[in-house]
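Colleague: Could you walk me through this model, one question at a time?

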Amino acid sequence: MNGMTKIVKTIAGISFPFIVIYGLYVIAHGHLTPGGGFQGGAVVASGLALILVAYGSKWAATKIKEHDLSLLESVGAIGFITVAFFGILFGGVFFSNFIVGTDLLFGGIPLAGAADINTGGTLPLMNFAVGLKVIAGLFGIVFIMALAISKKEESA
Amino acid sequence: MLTKRDYAAVAFLTIITVFLMFSMLLIHPFGSPNASAMDQYIIDNTVEETGANNGVTSVVFDYRGFDTLGEATVLFTAVAGVIMIFRRLKK
């Protein structure tokens, strides 16, 4: 799959950072605003897919390997389960929110009606893990399909 | 000319439609759930127990974390399946 015209590449390059920052914002504020790891990860993955389509899978294959994507997805999954298992260790039950109410990062409890990013306990950590997993997973699916198409075009 | 197969399809669809209509009439009215004790508990306690302003996220990642774990597993399985199929096609 070759890249598209210079117009498409330029527009994709301009809009890419905004899409990625918006997706990361949705992930980071998952415990405060609508959205979360799944939704923000899908936004970031769609931005990456935009770049992939605009620049072509040959160019993308020189920048990133599919092995890295599967590694990132595994890191996300293992992080998610690790936080859940730490709930057994410190809170007594699986998925226990052991951070909230302590002095650790994200340990605060919000005042009524006020939003504070330093709250939520394990929720932001799980949002980050799931976001990483969704970014790598969804982009990995698109990337591998694009690579398969380009290989098929070469052999045809 | 209608065949036996067409009559069977119409009868099947009619039965399904009747059951769906009855279940639609029996559904509780919009905005008034049948069992609201758990909803009220989550609304009252989500900020103190999870420290999150977003009640939906506190349900998805805390109260019903197992659901999210299953969802993540579904995504993992989907990616593994796609990679398995397209790796053979790539070579």
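Colleague: How many helices and strands does the secondary structure of chain A come to?

Modeller: This is a predicted model, where local features need pLDDT of at least 70, side-chain atom pairs count only at pLDDT 80 or more, and totals for chains, interfaces and linings use all residues. Residues are numbered from 1 along each chain as written, chains are lettered from A in the order written, and side-chain values use heavy atoms, without hydrogens and water. Helices (H or I, at least four residues) and strands (E, at least two) are DSSP runs, numbered from the N terminus. From that end the elements of chain A run α-α-α-α-α, and the totals are five helices and zero strands.

Colleague: Is chain A compact or spread out?

Modeller: The radius of gyration is taken over C-alpha atoms, and the globule rule is 2.2 Å times the number of residues to the power 0.38. That rule gives 15 Å for 156 residues, and chain A is well over it at 19 Å, so chain A is more spread out than a compact globule.

Colleague: What area is buried between chain B and chain A?

Modeller: Buried area is the accessible area (1.4 Å probe) that two parts lose on being put together, summed over both. Carbon and sulfur atoms give 71% of it here, and the total is about 2,900 Å².

Colleague: Which helix gives the most to the side of chain B that touches chain A?

Modeller: Helix H2 (37–50), helix H3 (55–63) and helix H4 (65–90) of chain B each supply at least two residues of that side. The one giving the most, with 15 residues, is H4(B).
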